[in-house]
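Hi everyone, thanks for making time for this. I'd like to walk you through one structure today, so please have a look at the sequence and the model first.

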Amino acid sequence: MERNWDILIIGGASGTGKTTVARALARYYQVDLVRVDNFQVLLEATTTPETFPAIHYWTTHPNWRDEGIGNAVRRLIDAGQALSSGLAAVIEDHLLEDLPMILEGDFILPELAASFEGELRIRSIFIHENDQKQILKNYLAREGEIQQFRANVSHKHSEWLLKSCLEHDIQSIDARPWHTLPSRIINCI
C-alpha cells in the first residue's frame, strides 16, 4: 500500500483503541508495529527506581490509586516525559535505517510528536475517546473486568492529551465510530 510517511506515531490514552487500529494499519501498510509499552517494561526491568522514578512509580507506590485521578494522570505524563528522549532516538534510528514503522502507545506525548514537526517522513495522530463509560466498556471487553478507577484516569488522560494536541498543533481523531477509524486515520495522514 502506498504511503507518504516512514514513521506513523499513534498516541492516546489507554482503552481508546489505538493498539487495535495500529495493528490494522501495520498490516495494511505492511510495516512494523512498535509498542511503547515494551520500552516501559524494558526500562522497568533494567533500571532502578532511583534512576527512573517515573517508570517505577506504580511498583514503588502500591497504593497509587489512593492519590487520586489527577495524580495518576500526572504520573502517566511523567512516564511519557521520561520515555520521550529514548522514543525520539528510536524514531531517528528508524529514519536513518529506512525502516518504516508505526509507533503506538499511551506514553507518547504530543510534545514528542511536535518535536518532529517539519520532518516530512513522520506523521502523528492521537486517538481521543470523550465518553468515560465507553472506556469502561472497552476495559471490560478487553480484560474481562470492570475497572472504574482506571477508566476514570484514562478519560482524564484522554482529555489532557486532546488539550495538549491543540496546544502543539498535532492532529487528534475521535475513536468512534471504530469501524471507520482506520480509514479516517488514513485520510488524515
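I'll go through some helix packing, a few individual residues, the cysteines and some backbone details.

A word on ground rules. This is a predicted model, where local features need pLDDT of at least 70 and side-chain atom pairs count only at pLDDT 80 or more, while totals for chains, interfaces and linings use all residues. Residues are numbered from 1 along each chain as its sequence is written, and side-chain values use heavy atoms, with hydrogens and water left out.

When I say helix or strand, I mean a DSSP run: H or I with at least four residues for helices, E with at least two for strands, numbered from the N terminus.

Let's begin with helices H2 and H3. Two packed helices are described by the angle between their axes and the distance between the axes. The axes here are lines fitted to C-alpha atoms, for helices over the stretch in contact, and the angles run from 0 to 180 degrees between N-to-C directions. H2 and H3 pack at about 80°, and their axes are 9 Å apart. That makes H2 roughly perpendicular to H3. For the wording, under 35 degrees is roughly parallel, over 145 roughly antiparallel, 65 to 115 roughly perpendicular, and the rest oblique.

Who makes that contact? From H2 we have Gln40, Leu43 and Glu44, and from H3 we have Ile55, His56 and Thr59. Contact means heavy atoms within 4.5 Å. These residues split into two nonpolar, three polar and one charged. In that scheme Ala, Val, Leu, Ile, Met, Phe, Trp, Tyr, Cys and Pro are nonpolar, Asp, Glu, Lys and Arg are charged, and the others, Gly among them, are polar.

Staying with H3, which of its residues are buried? They are Ile55, His56, Tyr57 and Trp58, and the buried residues of H3 pack against H2, residues 36–46, and H4. Buried means under 20% relative accessible area, exposed means over 50%, and partly exposed is in between, with a 1.4 Å probe and protein chains only.

His56 sits in H3, which covers residues 53–60, and counts as buried because its relative accessibility is 5%. Beyond its neighbours within four places in sequence, His56 is in contact with Leu43, Glu44, Thr47, Thr48 and Pro49. Gln40 touches Ile55, Leu83 and Phe107, not counting residues up to four places away in sequence.

The contact uses Ile69, Ala72, Val73, Leu76 and Ile77 of H4, with Phe149, Asn152, Val153, Lys156, His157 and Trp160 of H7. This time the division is eight nonpolar, two polar and one charged.

Now for a residue in helix H6, which spans residues 132–143: Ile135. Ile135 is buried, with a relative accessible area of 0%. Its C-alpha atom is separated by 9.6 Å from that of Ala13, 122 residues away along the chain. Leaving aside neighbours within four places in sequence, Ile135 has contacts that include Ser14, Gly15 and Ala151.

Cys165 counts as buried at 1% relative accessibility, whereas Cys188 counts as partly exposed at 32%.

Last, the backbone. A cis peptide bond joins Arg176 and Pro177, with omega about 5°. Pro177 is in the loop between strand S5 (172–174) and helix H8 (181–188). Asp98 has a positive phi near 55° in a residue other than glycine, and lies in the loop between H4 and strand S3 (101–105). Asp98 counts as exposed at 52% relative accessibility. Asp169 has a positive phi of about 55°, although it is not a glycine. The loop between H7 and S5 holds Asp169, which is exposed with a relative accessible area of 63%.

That's my tour, and I'm happy to go back to any part of it.
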